Amino acid sequence: MQSNDGKPSVVILISGTGSNMAKIVEMALQNEISAEISAVISNESNAPGIQYAKQQGISTQVVDHSSHETRSLFEKHLMRAIDEYQPDLVVLAGFMRILGAEFVRHYRGKMLNIHPSLLPKYQGLNTHQRALDAGDDQHGCTVHFVTEELDGGPSVIQASVSVEQGDTAETLKAKVQQKEHVIYPIAVKWFTEGRINMDGMGNVLFDGSPLPLQGVQLEP
């Protein structure tokens, strides 16, 4: 639902520091993204990102997964919390819970995630070490629409980093995170401007034209 000033409503889900959330909030507050960040919701009560959001005057909620007997009950509670804000877009920004099919279907076509690899490579965890173990010379990150396949939804935009001799999982993580802070706000901006959408066949359309499998490639 659009806000009082006509801007699309965005709800952001986090589990920790929410550095991507903070970048998106910053750009929205500066009107570089034409959206209202309606709420930041976390599954962790001590997530530092919740304090940041409060300091920016954004509504916050905690839906603690550990206080629910089943994932289904947790997700039902989480959906109710999100839907209070009637968002046009749900943004997963370091939200460290695998989401079930019913939840994903409920937000089909209006939920984005960022993953620290050049999808379809390295779905799941430990992506930086896996890239090193494979001897890759390029690594990076991908913003994609969320579907029922874990990290398998269609890509919107990717950015690459070079894997240098001496890189570790930690140094790669830091380089990739810098790129995340660039491409995630771009994807949110495109969505809230109506430039990207996912069609009924699961293809991403950019200004009405289909994107290639790996989405837009950000120039270095």
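**Figure 1. Surface and overall build of the predicted model.** Residues are numbered from 1 along each chain as its sequence is written, and side-chain values use heavy atoms, with hydrogens and water left out. The fold has six helices and 11 strands (DSSP runs numbered from the N terminus: H or I of at least four residues for helices, E of at least two for strands). Along the principal axes, the C-alpha atoms fill a box of roughly 50 × 40 × 35 Å. The radius of gyration is 17 Å, in agreement with the value near 17 Å for a compact globule of 220 residues (taken over C-alpha atoms; the globule rule is 2.2 Å times the number of residues to the power 0.38). Of the 220 residues, 48% are buried (buried is under 20% relative accessible area, exposed over 50%, partly exposed in between; 1.4 Å probe, protein chains only). Among contacts with a separation of 6 or more, 64% join residues 24 or more positions apart (contact means heavy atoms within 4.5 Å).

**Figure 2. Helix α1 and what it packs on.** Asn 20, Met 21, Ala 22, Ile 24, Val 25, Met 27 and Ala 28 are the buried residues of α1. They pack against β1 (9–14), β2, α2 (48–55), β4, β5 and α6.

**Figure 3. Val 91 in strand β4.** Val 91 sits in β4 (residues 89–92) and counts as buried because its relative accessibility is 0%. Beyond its neighbours within four places in sequence, Val 91 touches Val 10, Val 11, Ile 12, Leu 13, Ile 24, Leu 112, Tyr 184 and Val 188. Lys 110 is 19 residues away in sequence, with a C-alpha to C-alpha distance of 8.5 Å from Val 91.

**Figure 4. Ser 38 in strand β2.** Ser 38 belongs to β2 (residues 36–42) and, at 16% relative accessibility, also counts as buried. Setting aside neighbours within four places, its contacts are Ser 9, Val 10, Val 11, Ile 58, Ser 59 and Tyr 85.

**Figure 5. Pro 212 out on a loop.** Pro 212 lies in the loop between β10 (209–210) and β11 (216–217). With a relative accessible area of 54%, Pro 212 is exposed. Its C-alpha atom is 31 Å from that of Ser 15, which is 197 residues away along the chain.

**Figure 6. The largest pocket and its lining.** The largest pocket has a volume of about 1,000 Å³. Of the 36 lining residues, Gly 94, Phe 95, Met 96, Ile 114 and Pro 116 are the closest to its centre. Here a pocket is an open set of points on a 1 Å grid over the protein atoms alone, where a 1.4 Å probe fits, with protein on both sides within 12 Å along at least five of seven lines; lining residues have an atom within 4 Å of a point. Points are joined across faces, edges and corners, and the volume is the space filled by probe spheres set on them. α1 (19–29), β5 (111–115), α5 (127–133) and α6 (169–192) each supply at least two residues of the lining, and α6 gives the most, with four.

Note on methods: Predicted model: local features only at pLDDT ≥ 70, side-chain atom pairs only at ≥ 80, totals over all residues.
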